[in-house]
Amino acid sequence: MQAIKKSVAGEHGRRHSDVGLETVGIEAPANVYWNLNTPELYEIIARREEGVYSAHGALLVDTGEHTGRAAKDKAIVREPGSEDKVFWGEVNKEFSQEQFDVLRDRMMAHTEGRDLFVQDTYAGADPRYRLPVRIITELAWHSLFARTMFINDDAHASQHTPEFTVVNLPSFKADPERDGTRAETFILMDFSQRLVLIGGTSYAGETKKSVFTILNYLLPQRGVMSMHCSANVGDAGDVAIFFGLSGTGKTTLSADPERQLIGDDEHGWSDDGVFNFEGGCYAKVIKLSAEAEPDIYRTTRMFGTVMENVVFDPETRLPDLDDASKTENTRAAYPLTSIPNIVPEGHAGHPRNIIMLTADAFGVLPPVARLSPEQAMYHFLSGYTAKVAGTEKDITEPQATFSTCFGAPFMVLHPGVYADLLGRKIQEHEAACWLVNTGWSGGPYGEGERMKIKHTRAMIRAILNGTLSQVETRPDPVFGVGVPLSCPDVPEEVLTPRNTWKDKDAYDTKARDLARRFNENFKNYEAGVSAGVRAVAPKSE
């Protein structure tokens, strides 16, 4: 590797951008490693002892105290160019420009004499909406993570002009009293300076989701629907997108051997169709098995995969994917090309089907239902699923969880902006919308049973091949959604949840209770949506 004025470029003629680090105030680092590839980063990671390698060649790293996102420590600078667009509140907390600037200067001074790693990458597989993003890190494995998760174009590295820069320095910690942060950890975003500062945490997912948050701010203003969803496409070019929170089956159900995967987590929907934001996947691997998820499982045994907080045998270096002693949120980051049956270009046409997944632990939502465009927007804004007992400390019974747009922590604009965009695109492209409940049937969690995966797969199959759209539906008496009277390979009694409960009165009580929770949550958004969307609310009385 060749040193050039304290910069280190990779082999094979790769160059760094003509735009230097001084643009963000970094002036006296030690060595700067530009756009190193995976083998080069592996060498440096080993030399710096930032991680170890599994028996199969995957990189095993430990993120320390933070094994997930520090959502409470994320804030956005209130500045004139964006303050009237940001949906301020508990999620989008405000931070002052003055405090940001002071912290920025101290953080950049912290880089003096330190080695830095730079990846000049892109977010967005559609060239028309591709965002050039520079990721600056002090950890080599964070640079590998960025190179894995985003889109690279080494052949034109010198032409890369970053429109946003993310600076991630885990060793730099804020002083809450001095800096106005909640804690030593911070994730701060300034749209005017097009700069993200991350400190006090080694969890790499903060970089990924910061870029997603940026796209959720920029793209809707250009008429592009930004979505927290997976997407696949059939041989006939029929695209399907799957919205869903953690534990609802988003990754599992979109991984279909008969269809090509566009992406597993973040997408845009433009006038040309659906496109992936990323070049990699960031999958939860706790209790992953070769039988249930063969494609993802194989990536955990590949060179180039980054595995976070996975327990392993120190002698054999064999990972134990069932061990959650560090965290339930064990993760693997791997290039999309590591799995078969993908869409190489990362984009396809317009969705024919939109599937909203929920895991209803109360056992009252139908396992599959057709949604009107207004109902689709209502459920999109609600973003409902349920946590079950044991998933978190002090949860002893099912708890309703609402995350607007199925990704509240990353949505910067008013939720109505995203819902209106979705509604317009549904109407324009005549997409069929569905609600699929992968949760409980026959009673709530602890009494009923989890929906059989073979039945859910049969419902998804019937949606995607067009069979279910031809079946007559009846409106659910509480939630109003259209419940099919039949579905191939699914017993008819399963389709109507009330029929699966022994105590019908108990079902009615529980259904009205969940309806009240929906309605109470929706008060947060009703002022920004149409009367038609408000009219499809569940009946709680």
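Contact, as the word is used in this note, means heavy atoms within 4.5 Å. The structure is a predicted model, in which local features need pLDDT of at least 70 and side-chain atom pairs count only at pLDDT 80 or more, while totals for chains, interfaces and linings use all residues. Residues are numbered from 1 along each chain as its sequence is written, and side-chain values use heavy atoms, with hydrogens and water left out.

1. The nonpolar cores. A nonpolar core is a set of buried Ala, Val, Leu, Ile, Met, Phe, Trp, Tyr and Cys residues joined through side-chain atoms within 4.5 Å, where buried means under 20% relative accessible area, exposed over 50%, and partly exposed in between (1.4 Å probe, protein chains only). The largest such core has 84 residues, and the members that touch the most others are Ile241, Phe243, Ile354, Met356, Phe380 and Phe479. For Ile241, once neighbours within four places in sequence are left aside, the contacts are Met227, Cys229, Ser230, Ala231, Val274, Pro351, Asn353, Ile354 and Ile355. There is also a second, separate core of 23 residues, with Val77, Phe172, Leu188 and Leu197 among them.

2. Helix α8 and its burial. Helices (H or I, at least four residues) and strands (E, at least two) are DSSP runs, numbered from the N terminus. Helix α8 spans residues 373-382, and eight of its ten residues are buried, so that the helix is mostly covered. The buried residues of α8 are Gln375, Ala376, Met377, Tyr378, His379, Phe380, Leu381 and Ser382. After α8 comes Gly383, with a positive phi near 55 degrees.

3. Packing of α8 with α9. Axes are lines fitted to C-alpha atoms, for helices over the stretch in contact, and angles run from 0 to 180 degrees between N-to-C directions. Helix α9 (residues 415-429) packs with α8 at an angle of about 150 degrees, the axes being 10 Å apart. Angles under 35 degrees count as roughly parallel, over 145 as roughly antiparallel, 65 to 115 as roughly perpendicular and the rest as oblique, and α8 and α9 are therefore roughly antiparallel to each other. On the α8 side the contact is made by Pro373, Ala376, Met377, Phe380 and Leu381, and on the α9 side by Pro415, Gly416, Tyr418, Ala419, Leu422, Gly423, Ile426 and Gln427. With Ala, Val, Leu, Ile, Met, Phe, Trp, Tyr, Cys and Pro counted as nonpolar, Asp, Glu, Lys and Arg as charged, and the others, Gly among them, as polar, this contact of α8 with α9 has ten nonpolar, three polar and no charged residues.

4. Packing of α8 with α13. The axes of α8 and helix α13 (residues 504-522) come within 10 Å and cross at roughly 80 degrees, and the two helices are therefore roughly perpendicular to each other. Here Tyr378, His379, Leu381 and Ser382 of α8 meet Phe518, Asn519, Asn521 and Phe522 of α13. By class, the contact of α8 with α13 has four nonpolar, four polar and no charged residues.

5. Helix α1 and its cover. In helix α1 (residues 38-48), the buried residues are Glu40, Leu41, Tyr42, Ile44 and Ile45, and what covers them includes β3 (32-34), β4 (52-53), β5 (59-61), β8 (116-123) and α3 (140-149). The axes of α1 and α3 come within 9 Å and cross at roughly 155 degrees, which makes α1 roughly antiparallel to α3. Thr38, Leu41, Tyr42, Ile44, Ile45 and Arg48 of α1 make the contact with Ala140, Trp141, Ser143, Leu144 and Arg147 of α3. The residues of this contact of α1 with α3 divide into seven nonpolar, two polar and two charged. Just after α1, Glu49 takes a positive phi of about 55 degrees.

6. Glu308, a buried charged residue. Glu308 is placed in strand β19 (residues 306-308) and counts as buried at 1% relative accessibility. Apart from neighbours within four places in sequence, Glu308 is in contact with Val61, Thr63, Trp141, Tyr203, Ala204, Gly205, Tyr282, Thr330 and Arg331.

7. Ser82 lies in the loop between β6 (74-77) and β7 (94-95) and is buried, with a relative accessible area of 0%; leaving aside neighbours within four places in sequence, Ser82 is in contact with Val77, Phe191 and Tyr217. Tyr297, by comparison, is in helix α7 (residues 294-299) and is partly exposed, with a relative accessible area of 22%.
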